[in-house]
Amino acid sequence: MKFLRVFTCLLFVFLSRLTYANNDTLRLKQFADSLFIVGDYFEASVYYQKLDFFLIGENEKNKAKLSAANANKILKQYDNAINILNTISLNDVHDSLIYLVKYQCALLNYLKNDFLQVEVYLNQLNYLVSDSNYISKSWILQALNLNEQYKWDEAKEKLLMLNSRLYKNDSLVYTRIKKELDGMYAANQLPKLKSANKAVKMSSLIPGLGQCYTNNYGEGIASFISVASSVGIMAAGIVFQFYFTGIAAGNMLLGKFYLGGIKRSEFLAEKYNYTIAKSFNQGLKFRIKQQFIP
Amino acid sequence: MKLLVYFSAIQLAFFNVTSMMAQINQNYVFINYLSQNEKNKEALFLLNQPNEIKNTDTLNFLKGYNYYLMKKVDTAAVMLSKVSASSNLYSKAKSFEILNLLYAKKESIALGKFDDFSMDTAFMYRHVLNTMKAGNYLLLRKYEKFDSLCNTFRYDDFRLTNEQMRLKELSVRLKKEYKKSPIKAALLSSVVPGLGKFYAGKKGAAIASFATTTALGLMVVESYYRTKNIKSPQVITFGTLFTFFYVGNIFGSYFSVQQQIKSTNGKINNEILASIHVPIIRFFK
Amino acid sequence: MQKLSILNNFLISFFFLTSLSQLKAQLKSDNDLLFGAVNYKSEYESKRNVTYLFEGKHPIVKYNPVSLMFGGLLFLYQKTISVQIGAACPYEVNCSQFSKQCIQKYGIFKGIPLTADRLTRCTKLAGIDMVEGVDYNSRTHKIYDKPSDYQKKKKP
């Protein structure tokens, strides 16, 4: 009888110790969650990382890491969030976790405007995950990314694939969305881009022509006049027998204006592409959201 | 029955205390982990929360260490100076405080801190402390005191030998560097444009100055030769341009001496600081 | 004591379920972030802010022919010519800014020769002997050279 009492007391003590230990991490998690809800995202991310450090189960650790990365994402600390996500080990885990990690990394790079890295992460997702349900969830992000890289045909293809997957049983919605997409990406709607290489070649042939090609007529004329005057100074120097002056001064001015003009025309071509693509892509985004996000 | 109740109550209290201690120990482990993985802002945030680390000495040391890793040397020195002499982190805190003061360019204050080490530490670590003090004297350019400390170098500890030899080399270089006078540079430049900058040690700028000023001079000569009239517009324009560049060249040579001295001083000071930094990390880790 | 452990288990499962709902909320806000993001490249969006050299000074200083010539020349250069030739100065304070600040600080007679000297140095050739961290910024690789370096130092 006495032995039983001793045993039950020791059991009680042992169980209370277990719950106490559970209570530590539980309390930490509650605290971090409360900070997140209130909006103290930096503090919440620190405590989530602490939670991850002390937890033992792989599942709970990954959850804590995901929450920490989420807090950093809202704070716009994209690099921190990507670093945290890259510490999650993806060996022998369920496809849902792989999808979550890779999709979040791709999204963070998209928010950071690093469009090539988005491609990298989406390719990894396609390679690692075999279940096509998860891969199709990333097609919207892929289409938007292709838009930003001026690859509108590939983006349209991706959206058509998504459309056929989602609405293959509902032909009314399917045809409506297909018609919308055809209208959005019609050949006459797409912005006409200027080639930077062509602008460079034109400017090296006739200074100022590259700038005119990109619709900067004022700068084109100014560039032509500057190069012409430096050549004129050189010629005048030779004609009036100011050999050294003419050649030295003319050479320096010519080099600066001619090479500078070539660099400038390349910059202007890229700026032109950026400006018209930006407004077109914003419009596309709005319409894609209308079609695919309820 | 009462005995059992008391027994279980004592067990609970015991587990309570050990888990609290375990938690504070865990806080320390986590903050250490953050500091060493370049997450210093997060570590400092946790250190500023109340009750994270109970021991004020450890708290101040960790704060100072994180500020040092973030390269905020003034705040780091202030935090590290608050560690009390009774703590076992005292010698580590003191040596890092001296290092941060030297990086913050407060060399004379740092010199006074060498006396704050306890007698035991000062004896046990006398070789590395002597090396640090010698570096400090060299930063202050007190050559006699440096030489007297240099004589105590034994060059037999592989953790110190390289730094001791480097300090000796740097002192020799510093003593050899004779003063260059800016007025002499300006005079040299007025004779041959660019020569003053070459004398100051700036070879690239010297060539550029020489080329531009002579080119302009030749233009003036050529315009005079063609127009045969000193009041013609060509001669006047090129003449004014030439004067501007010639006077500018003289000004530039005058100030380039100052700049070159600052530049070589800065380079040598960086090397001295590196020679002090490395032994501290090796000995007080 | 049995009830205590049951209560604890209930609390744990409750918080697990609530964390699942937080994950769902995260997906909704992801789409908001995705569609709300804007592609922004500062080199194509920023505008140059050029001010006249003698701005804010006495009208006689501001509008006399000499200052109009120099000030106007600098203004024209910064607004039009430097944009066209795509100038990229290896110094932190670029040459036209340096010239402006020197003339504002030291007047014309010291400012213009210093500008001329800076123009001769403004090539990659002049940076061959530079020391990292002391002479140039190790992050941006631009050489330090401020107008305040050119003051006559008073010997103590």
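**Ground rules.** The model is predicted, so I keep local features to pLDDT of at least 70 and side-chain atom pairs to pLDDT 80 or more, while totals for chains, interfaces and linings use all residues. Residues are numbered from 1 along each chain as its sequence is written, and chains are lettered from A and ligands numbered from 1 in the order in which they are written.

**Entry 1: chain A overall.** I looked up the secondary structure first. Chain A has 14 helices and zero strands. Helices here are DSSP runs of H or I with at least four residues, strands are E runs of at least two, and both are numbered from the N terminus.

Next I checked the spread. The radius of gyration of chain A is 31 Å, but a compact globule of 294 residues would have one near 19 Å. That radius is taken over C-alpha atoms, and the globule rule is 2.2 Å times the number of residues to the power 0.38. Along the principal axes, the C-alpha atoms of chain A fill a box of roughly 125 × 60 × 35 Å.

I then noted the domains of chain A: domain 1 (25-88), domain 2 (110-190) and domain 3 (196-289). Such bounds come from an automatic or database domain assignment. The centres of domain 1 and domain 3 of chain A, taken over C-alpha atoms, lie 51 Å apart.

**Entry 2: H6 and H8 of chain A.** How do the axes of H6(A) and H8(A) cross? Helix H6 covers residues 115-128 and helix H8 covers residues 139-148; their axes come within 10 Å and cross at roughly 150 degrees. Axes are lines fitted to C-alpha atoms, for helices over the stretch in contact, and angles run from 0 to 180 degrees between N-to-C directions. So H6(A) is roughly antiparallel to H8(A) (angles over 145 degrees count as such).

I listed the residues that meet. A:Phe115, A:Val118, A:Glu119 and A:Leu122 in H6(A) meet A:Gln142, A:Asn145 and A:Glu148 in H8(A). Contact means that the C-beta atoms, placed from the backbone, lie within 7 Å. By class, this contact has three nonpolar, two polar and two charged residues. Ala, Val, Leu, Ile, Met, Phe, Trp, Tyr, Cys and Pro count as nonpolar, Asp, Glu, Lys and Arg as charged, and the others, Gly among them, as polar.

**Entry 3: H10 and H14 of chain A.** Helix H10 (residues 171-184) and helix H14 (residues 243-292) have axes that come within 11 Å and cross at roughly 175 degrees. They are therefore roughly antiparallel to each other. A:Ile177, A:Glu180 and A:Met184 in H10(A) meet A:Leu284, A:Arg287 and A:Gln291 in H14(A). I sorted that contact into three nonpolar, one polar and two charged residues.

**Entry 4: chain B.** I counted 14 helices and zero strands in chain B. Its radius of gyration is 31 Å, well over the 19 Å that the globule rule gives for 285 residues, so chain B is more spread out than a compact globule. Its C-alpha box is roughly 125 × 45 × 25 Å along the principal axes. Chain B has domain 1 (1-87) and domain 2 (182-270). Their centres are 63 Å apart over C-alpha atoms.

**Entry 5: chain C against chain B.** How many residues does the contact take from each chain? It takes 20 from chain C and 22 from chain B. The chain C side has ten nonpolar, four polar and six charged residues.

Notes. Contact = placed C-beta atoms within 7 Å. Parallel < 35°, antiparallel > 145°, perpendicular 65-115°, else oblique.
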